[in-house]
Every structure is written in structure tokens, then in C-alpha cells.
Amino acid sequence: MTLLILSDSANLFDAINKANPEKKFKLADDTETELCDAILFDADTENAFYRLEREKNRYKGIPLFTITSAGTTENLIALSAFGSLYTFIRPIDCAFILSRTESFLNGRQPLLSNAEISAEALLNYVGVKREVLGRKYLKNGIIALALSTVDLTFIYEYLSSEFKEPYSRIERNMRYAVETAFNKGNIYAQYEIFGYTVSQKSGKPTNLEFLSALSVALKEKLL
């Protein structure tokens with residue numbers, strides 16, 4: 001299997017190769033594509049997209065990863081629509097790129113779906129930190145609601161079943177994640193998504209209000 005990696009950083013090829021001393025897989029640039037496991041285009045994204053379109057017969061059927069510093073929801077969805085199976089958002093450790101690439105080439109690790117990529121971007125947008133424990137519950141809840149997998153009324157039961165964790169722990173960790181985001185996150189992004197629906201007294205939505213609003217935003221992105 002060959003993998004195509006598209007990056008908007010012109011210096012990434014050497015950095016990734018330096019992080020791959022054991023040569024667990026062969027990485028080549030687009031001028032040397034014979035007998036390689038992964039081909040890296042490290043150029044301006046728009047120019048690289050143009051080149052891929054121009055040479056689509058040459059790269060037809062090759063899986064595509066992308067690496068970008070523009071991790072906005074709109075850009076992630078555009079990359080997904082272009083055919084990107086997985087998008088890395090810079091700054092990022094080259095070792096993680098290598099690990100994910102090697103896993104994909106060996107068929108060991110499933111990739112994120114479009115819904116997961118977009119949900120991650122929305123959580124980033126409103127200020128939910130990656131290291132906060134409640135983020136994983138929020139992400140799964142948002143996706144399940146957006147895809148109509150579960151009704152909002154039963155979201156805690158659904159998440160408790162999915163994560164095999166007590167209802168109370170899930171509720172508490174989600175509440176902390178929401179409160180932290182609204183204390184330190186992007187107020188303009190929050191206003192864009194929540195408008196005047198947030199209680200002026202508390203200054204932050206409840207868990208269910210947060211899940212409901214972001215699931216609606218996610219559903220609109222996926223249409």
C-alpha cells in the first residue's frame with residue numbers, strides 16, 4: 001500500500017525523515033515515488049491541491065493524509081471533502097505523524113471519520129482543551145446527537161454504556177470541561193454558536209444545552 005501525505009509546510013519532509021531513523025517505512029518526496037510506502041508533498045496547500053487535480057490519474061486510488069496549520073472547522077471539512085482520510089494539525093510532533101502513518105500502512109489503526117474530525121474542530125473552536133477529561137464524552141455525545149444515534153434525553157445513559165463509566169463521573173467531567181471553556185475560551189466563537197441562549201446568571205450553558213447546540217452546528221457542517 002502507498003500513502004500520499006499533503007502538507008502546507010515546506011520543511012516537513014526532512015523533519016519527518018529525521019524522526020524516522022529506523023526507516024520503519026520509506027518516505028519519498030513527489031519526485032521519487034518508486035518503491036516507497038508514503039509520498040510527501042510539502043508545499044503550499046492550494047498549489048499541492050492543484051497539482052493533485054492535474055495529476056489525478058497518477059495518484060488515483062492512493063489514500064491521502066493532510067498536515068495543516070489551519071485547523072478551522074471549514075478547512076478540515078474542505079480537506080475531508082477533497083478526500084483526506086486523516087488531518088494532522090500543526091504544530092505536531094513528527095513522531096506522532098510517523099506512528100499514525102505506520103499504523104495505517106500496517107492496517108492496525110482506524111482513522112477518524114468526517115464527523116469526528118468536525119467535532120474535534122468545533123470543540124477546539126469554542127475552547128474545550130484537549131487535556132480536559134470531559135472532552136471525550138462531549139465529542140461522542142455531539143456526534144451521537146448529530147447522527148441521530150440517540151435522543152438528548154438519554155445521552156447520559158448512552159455515554160455511560162459507551163465508556164463503561166458511571167453516569168455521575170461523566171456528568172461531572174463534562175460540566176468541568178464546559179465551565180473551563182466558557183471561563184477561558186473564545187467568547188466570539190461561543191456567541192456564534194450559542195447566541196443569547198446561555199443564562200446570563202450562570203454565564204455558561206448546562207451540559208445538555210452545550211451538547212444540543214454543538215450537535216446542531218455539527219449536523220450543519222456535515223450536510
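Helices (H or I, at least four residues) and strands (E, at least two) are DSSP runs, numbered from the N terminus. On this basis, the secondary structure of the protein chain comes to 11 helices and five strands. The model is a predicted one, in which local features need pLDDT of at least 70 and side-chain atom pairs count only at pLDDT 80 or more, while totals for chains, interfaces and linings use all residues. Residues are numbered from 1 along each chain as its sequence is written, and side-chain values use heavy atoms, with hydrogens and water left out.

Confidence is expressed as pLDDT, the predictor's confidence in each residue, from 0 to 100. The protein chain has a mean pLDDT of 77, and 66% of its residues reach 70 or more. Within the chain, the highest confidence belongs to helix 9 (residues 167–184), at a mean of 93, and the lowest to strand 3 (residues 38–42), at 59. Over residues 31–35 the pLDDT is below 50, and this stretch has six contacts (heavy atoms within 4.5 Å) in the model beyond near neighbours in sequence. Where pLDDT is low, the predicted coordinates should not be read in detail.

Residues are classed as buried (under 20% relative accessible area), exposed (over 50%) or partly exposed (in between), with a 1.4 Å probe and protein chains only. Of the 223 residues of the protein chain, 44% count as buried. The chain exposes about 12,300 Å², of which carbon and sulfur atoms supply 51%; these areas come from the Shrake-Rupley method with a 1.4 Å probe, and for residues only the protein chains shown count as cover. Among contacts in the protein chain with a separation of 6 or more, 60% are accounted for by residues 24 or more positions apart.

A nonpolar core is a set of buried Ala, Val, Leu, Ile, Met, Phe, Trp, Tyr and Cys residues joined through side-chain atoms within 4.5 Å. The largest such core has 33 residues, and those with the most contacts inside it are Val128, Leu138, Met174, Phe194, Phe210 and Leu214. At least two residues of this core are supplied by each of helix 6 (114–126), helix 7, helix 8, helix 9, helix 10 (187–194) and helix 11 (207–222). Helix 7 provides the largest share, seven residues. Val128 touches Leu123, Arg135, Leu138, Ala177, Ala181 and Phe210, not counting residues up to four places away in sequence. A second, separate core of 12 residues includes Cys94, Ile97, Leu98 and Leu105. In soluble globular proteins, nonpolar side chains tend to be buried together.

Two helices illustrate the geometry, for which the expected span is 1.5 Å times one less than the number of residues. Helix 9 has 18 residues and reaches 26 Å from its first C-alpha to its last, close to the 26 Å expected. Its buried residues are Ile170, Glu171, Asn173, Met174, Ala177, Val178, Thr180, Ala181 and Phe182. Helix 5 (residues 94–105), with 12 residues, reaches 16 Å between the corresponding atoms, close to the 16 Å expected. The buried residues of helix 5 include Arg100, Thr101 and Ser103. Gly107, whose phi is positive, near 70 degrees, follows helix 5.

The structure holds four aromatic pairs. Rings of Phe, Tyr and Trp (its six-membered ring) pair if their centres lie within 6.5 Å; planes under 30 degrees apart count as stacked, over 60 as edge-to-face and the rest as tilted. The rings of Tyr137 and Phe163 have centres 4.9 Å apart and planes at 85 degrees, so this pair is edge-to-face. Because Tyr137 lies in helix 7 and Phe163 in helix 8 (residues 155–163), the pair ties together parts that are 26 residues apart in sequence. Tyr137 is buried, with a relative accessible area of 2%, whereas Phe163 is partly exposed, at 21%. The rings of Tyr156 and Tyr167 form a tilted pair, with centres 4.7 Å apart and planes at 45 degrees. Tyr156 belongs to helix 8 and Tyr167 to helix 9, 11 residues apart. Tyr156 is buried, at 9%, and Tyr167 is partly exposed, at 44%. One aromatic cluster is formed by Phe182, Phe194 and Phe210.

Lys139 lies in helix 7 (residues 135–146) and counts as buried, because its relative accessibility is 14%. Leaving aside neighbours within four places in sequence, Lys139 is in contact with Glu116, Ala119, Glu120 and Leu123. Lys129 is placed in the loop between helix 6 and helix 7 and counts as partly exposed, at 45% relative accessibility. Lys129 and Val178 are 49 residues apart in sequence and 9.8 Å apart in space, C-alpha to C-alpha.
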